[in-house]
Every structure is written in structure tokens, then in C-alpha cells.
Amino acid sequence: MRIPSAIITGMALVVMLTSCGSGGDSDTPTGPNRPPPKVASLGPFVGECGHVTDDEVRNLAGLGQISRVYKNATGCNWQAAGLSSPSVTFASYRGSPIEREKAWVSNVGRNPQTIDVGGRAGFQALDPQGTVCDLAVQLDDDFFEWSMSTGLFATGGNPCDRTRKLAELTVGRLE
């Protein structure tokens, strides 16, 4: 019984070993040719919360009394008290395509318009009700976004005018 098992094991081993190599003498590649991975060109540092203070957000957003709710490595959020209240969000995206964000904004019913903030290309998109604005600015292979919701009881005009002021501060303070 041991001899047939040894023969079968040996033959299987020979088949495996002979089928694994390319011989090493071939000039043609064996796998698909892939371009080298793209290395993202990091843009300037946008700072914590877009280099904008809580008081500047309060004043420029024109939303009265708001407080910073969270701050993390990629962004900050400020909100007023109450259900469906106004809010402002800043987010920074390293090595992420702005076109993906633009597509998402379009997909949720906002019409992105090309803009320029301090010599940098971007887009702004206002929802049909005029209460939510997303404003993004390209920084090499990165981008940042200011987003504002005026809440259920919107007052004070177009939120894109206010997010633009915040974006201008961020661009003006880039490192």
C-alpha cells in the first residue's frame, strides 16, 4: 500500500513543480501589464477646522449661536441647538478626487457650478430649496469642503455666499 501512495504523491509533486515556473528565459511578461500606481501629490495643509475659529464660523455663517460639536483629523462640525437646526461642516480629503464629491452632490439633486476661490478651482452646489450648500476647493490631489445647512427655518439668504466666505478664509491661510 505504501508504494502506490508514494508513487501517486511523487507524481503529483512533479506535476506541481513543473507547472509552477516560466522557465525564466521568456522575454514576454506572464501577467497583465499594469501602469505603476499613481502617487498622490499632497496639497497644502488646510489646518485644523480649515484654519477658521469658532467665532469666525459663528460670524461668517450668520447663524446666531452655534457650537462646535466635533473635531477630528479630517474635519469639524458646528451646530445650533434644536431639531433641524442650522449646521456648518468642514472636511478635508487627502488624495481623494473632487470629481467623486461633485458626482455625489449631483446625485442628491444639487447642481454643481464651477467656481474659483483665491485662484483655486472648485464647485458649489445649492439644493433646490436653497437651504443646503456644498462648496469644495481643489488643492493638488486633495480638496476641502465647506457645507452649510440653514436648517428647517432658513433665514439670511443663500448659504453658498456664506460658505464661500469660509472657503476664502481657508485658502487665504493655507500652509
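Predicted model: local features only at pLDDT ≥ 70, side-chain atom pairs only at ≥ 80, totals over all residues.
Let's start with W146, which counts as buried because its relative accessibility is 0%, under the 20% limit.

**Aromatic rings**

- The structure contains four aromatic pairs.
- In one of them, the ring centres of F90 and F144 lie 5.8 Å apart with 35 degrees between their planes, so this pair is tilted.
- F90 sits in strand β3 and F144 in strand β7, so the pair links distant parts of the chain, 54 residues apart.
- F90 counts as buried because its relative accessibility is 2%, and F144 is buried too, with a relative accessible area of 0%.
- F90 also pairs with W146: the distance is 5.0 Å centre to centre, the planes are at 55 degrees, and the pair is tilted.
- Here again distant parts of the chain are linked, with F90 in strand β3 and W146 in strand β7, 56 residues apart.
- Which residues form one aromatic cluster? They are W78, F90, F144 and W146.

**Nonpolar cores**

- How many residues does the largest nonpolar core have? It has 23, and V57, W78, V88, V137, F144 and W146 are those with the most contacts inside it.
- Two or more residues of this core come from each of α2, β2, β3, β4, β6, β7 and α4.
- Let's zoom in on V137: setting aside residues up to four places away in sequence, V137 touches I98, V117, R120, A121, G122, D142, F143, F144, A167 and V171.

**Helix α4**

- Does the length of α4 agree or disagree with what its residue count predicts? At 1.5 Å a residue, its 14 residues should span 20 Å, and the C-alpha atoms at its ends are 20 Å apart, which agrees.
- The buried residues in α4 are P159, C160, R162, T163, L166, A167, T170 and V171.
- To read that list, remember that an α-helix has 3.6 residues a turn, so residues three or four places apart point the same way.
- What do these buried residues pack against? Their partners are α2, β3, β4, β5, β6 and β7.
- At the start of α4, the backbone nitrogen of C160 has a side-chain oxygen of N158 within 2.7 Å.

**V132 in strand β6**

- V132 has its place in strand β6.
- Is V132 buried or exposed? V132 counts as buried because its relative accessibility is 16%, which is under the 20% limit.
- V132 and M148 are 16 residues apart along the chain, and their C-alpha atoms are separated by 5.6 Å.
- Leaving out neighbours within four places in sequence, V132 is in contact with R110, A125, L126, D127, M148, S149 and P159.

**Disulfides**

- How many disulfides are there? The count comes to two.
- The link of C49 and C76 is left-handed, with -75 degrees about the S-S bond.
- This pair links distant parts of the chain, 27 residues apart: C49 is in the loop between α1 and α2, and C76 is in strand β2.
- C49 is buried, with a relative accessible area of 5%, and C76 counts as buried at 0% relative accessibility.
- Another disulfide joins C133 to C160, with 2.0 Å from S to S.
- The link of C133 and C160 is right-handed, with 105 degrees about the S-S bond.
- C133 lies in strand β6 and C160 in helix α4, so this pair ties together parts that are 27 residues apart in sequence.
- Both C133 and C160 are buried.
- Counting bonded cysteines along the chain, the disulfides follow the pattern 1-2, 3-4.

Notes. Residues numbered from 1 in each chain as written. Heavy atoms only, no water. Disulfide = S-S within 2.5 Å. Helix = DSSP H or I, 4+ residues; strand = E, 2+ residues; numbered from the N terminus. Buried < 20%, exposed > 50% of the residue type's maximum accessible area, 1.4 Å probe, protein only. Expected span 1.5 Å × (residues − 1). Contact = heavy atoms within 4.5 Å. Polar contact = N/O pair within 3.5 Å; in protein donor to acceptor, adjacent residues only side chain to side chain. Phe/Tyr/Trp six-rings, centres within 6.5 Å; stacked < 30°, edge-to-face > 60°. Core = buried A, V, L, I, M, F, W, Y, C linked by side-chain atoms within 4.5 Å.
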